[in-house]
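Trainee: Could you take me through part of this structure, one step after another?

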Amino acid sequence: IVREHYLREDIWCGSNVCIKCPHKTQELVLDEDPPSKSTLFPFPHYLVLDTCVVLNQIDVLEENLLCNVIIVQTVLDEVKHRSSVVYKRLRDILANPARKFYTFVNEHHQCTYIERKPGEKVNDRNDRAIRVAAAWYESHLATSQPGNKKDPLNVRVILITDDYANKAKAESEGLMAATIVEYVKSLKDSTTIIDKLNLANIQYEADWGGREPFFPPHLTPIQIHEGIKSARLMQGTFLASRDNFLEGQVNIEGQEKFILVQGREGLNRAVNGDSVAIELLPEEEWSAPSELVMMDEEDESGDIAEDETTIKSSVKEVEKQPTGRIVGIIRRKWRQYCGILQAASSKGTSRHIFVPAERKIPKIRIETRQADTLSSQRIIVAIDSWPRNSRYPLGHFVRALGKIGDKDTENEVLLLEHDVPHSKFSEAVLNCLPKLPWVITEEDEKKRVDLRHLDICSVDPPGCTDIDDALHCRDLANGNYEVTIDKEAALRATTVYLVDKRIDMVPDLLSSNLCSLRGNEERFAFSCIWEITRDANIVNTKFHKSIIRSRQAMTYEEAQLKIDDSSQEDELSKSLRSLNSLAKILKRRRIDNGALVLASPEIRFQVDSETHDPIEVESKKLRDTNSMVEEFMLLANISVAKKILEEFPECALLRRHPTPPISNFEPIIKAGKKLGFDININSGKELAESLDAAVRPDNPYFNTMLRILATRCMLQAVYFASGMMQKDEYAHYGLACPIYTHFTSPIRRYADVMVHRLLAVCIGADATFPDLLDKRKSQALSHNLNYRNRMAQYAGRASVALHTHLFFRGRIQDEQGYVLYVRKNALQILIPKYGFEGTLYVSPRKGEKLQVKFIYNEENQSQRCGDVVFHTFDPVTVQLSLDRSNLQHERVVLQLVKPHIPNFSVPSLDASVSAPTKDSAKRKELKDEPMEQDSAPTMAMRYF
């Protein structure tokens, strides 16, 4: 094999001081007289960085204190290969002219390219290439600037490395070199930047290296590979428990049941999301998930053994599940984490414990000299390493976000924690937008079907500005109906709805104006038109790119009033009544076919118009019009799915809802059985019938709670490319339909945009392009869409939790609740009015003493105190207040009011606490997946 590698002479150095290289103005990046802030090198100099410095110290490099830096191509290529995240951050620095970072293409310069020697490792060759480039710069600049090499006024070159061996070799070759730690500590005014150094094991090993290990060693990559190949080990993704810091599960692809891991040795330094190697324990050592709710409340000197003993209590044989221990890390999924500093016990120390906001992440040890300032702020920290002899991973401070408890700061935290892109749209994006005033031209009219004569309207939640669907229904001469649903296309990602703001997928000009089907304004649309009989059978379906003019943008309530007011006989009112009657038939037909009706606690906040603080909480009211809009959205999505799959069987972008494994239903089967109800899970239809039959006259909220449990048994619905799955895997379990996609919300979901493009090609309204028909690229896109969709849901729930905390500041209230789960040391209580779960502890927590004793019965899942017994679904009255003693995790505290237990219950504040009625126990149609809304501004939360 012959490999050609071209070398050139005309690759310039990029320095303003150089008089040899014939630079163009834009190529002159490095200063002529770079000021030095280093006491170690008090003369003008440039820095050449090696790969490890860039990979490990990117947070330091992003500081403006470091300028006039040379990044050689060898380093750039290695970083690109090893970390796409760091590579992007480095490219952003290189693109900033103020930072003066210059890329030198050493691999194609005839004086700096080197061949790999026989037997030389790739890393050693690359280190040598970096040293050769630094040496070339030193000699090149010495002869291309006034004076001579010994003149202190001349610009010199310093190699910065994290590798002591590389530094020693550089110095032996006559180069000036320093470690990044040495260089940063030599800079004036470097206090803040020192905190950002990734010290990895360097400082920790020096101070604590003699400690006994807390954890067993990890297997080497070779041992892991051999173990997986021989089937002795398995690989999977580690999922930490939110309720118990000493417990987690490993998801093995292709296996129905997760592998349970418990205790510090079992978890063995895995962090949530890591790809791990796991060894299955002998069956006699299998365990079951702990019934304990356990948070890591220890300091560094805490007794680990006590925790281990508590969690490994005896479990019944029938409840045991496959259990293993993590023996190695295949790939870390570390990211930057938001949280706060935990106050250090000794004053004046620079070592502190960082407590992440996400309970699934362990505490992190960092060094900072700014503790007094940072202790009242939310900060971001990155993990660097996790030695065996450290109870916690080691990390470094990245930046401060703002004051703890400030609403804007907390909103920033939840967006960062859920990886929601929320920066302003770039100038490049904004420059692509249409110019106002926007008008429909004759050329546009030739390409689209004109539907402006139809009496179309939209129905959405109050305050909705991103109106992406409108409806119409009219009588045909043959006695059937013509029903139209109109959609508008947009670009990119997904919109995220928080309680007090919306993070748009597209710029506001599109989402709230030109792509929004506003009342009495002409807009482009993509129309799905059905001819439907009066008993809701579809005669034919057509799709058009169209022009419409919505007659009115209505709220659900306004549309409902039009339907209910028989005196209104205008075309819109008649259209809405016809749509509503058809929707009821369609819904009943779907439910009869096995579609699930599940429940989730949903609330809406009323916020102050100026401060945006929550001032009242109300349950979401569902009307017939909610269901009406939903039914035609579902019908449109199914109709479009059939069309694009018919035309593009290999690359149609579809959405599937997998059938949950039987093990997922165990909680609801047990819960129902204890109360005399058999929950049949043989099919979705049988599950739906079981849920319908499970009614208790003495507890009108019972059926809703059972449906909430059923929601949590479901898997997430996901996007996929049709050519990457078998046809029998296309089905949507919750909707009981064989095929489904998303077409109805292109303003806020990029999946819908892709479906619009496919549909446009199907009807000859647009041309295709290679990526659209590449099933592998579509599948890769689907993975990202699934991730973004999931994060958007989590962010929405976190926003509800945040505003619930804000609402309860300064409030104490008695509310009706229901026992949702019985734990070994606590009761999980659902508060319907506020749509959240809280924990009522029945065992003393650390530092607490209880005057009463609760007895946990594992057999029937109950807690007894004297004559009072608590079972799942029992009604209780609890007192709610906000505990702000833990700055990191403010929590709504639950105290028992009724039933009364002497020396445990608290006096009632309100003698007239009302229980939720049957009417207020709202159900939710599973139209897409558990907890997913098609009318997004009202957020549902699953966990509190």
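**Strand and helix neighbours**

Mentor: β29 and β30 form a hairpin with 3 residues between them. Strands (E, at least two residues) and helices (H or I, at least four) are DSSP runs numbered from the N terminus. This is a predicted model, in which local features need pLDDT of at least 70 and side-chain atom pairs count only at pLDDT 80 or more, while totals for chains, interfaces and linings use all residues. Residues are numbered from 1 along each chain as its sequence is written, and side-chain values use heavy atoms, with hydrogens and water left out.

Trainee: In β30, which residue is the bridge partner of Val 822?

Mentor: Strands pair if DSSP finds at least two bridges between them, and 4 bridges join β29 to β30 (residues 826-831), the two running antiparallel. In β30, the partner of Val 822 is Leu 827.

Trainee: How many bridges join β29 to β35?

Mentor: Strand β35 covers residues 875-883 and runs antiparallel to β29. Asp 814 stands opposite Gln 879 in β35. The number of bridges joining β29 to β35 is 7.

Trainee: How many of the 11 residues of β29 are buried?

Mentor: Buried means under 20% relative accessible area, with a 1.4 Å probe and protein chains only. Strand β29, residues 812-822, is mostly covered, and its buried residues number 9.

Trainee: At roughly what angle do the axes of α18 and α20 cross?

Mentor: Axes are lines fitted to C-alpha atoms, for helices over the stretch in contact, and angles run from 0 to 180 degrees between N-to-C directions. The axes of α18 (residues 556-564) and α20 (residues 624-647) come within 8 Å and cross at roughly 100°.

Technical notes:
Buried < 20%, exposed > 50% of the residue type's maximum accessible area, 1.4 Å probe, protein only.
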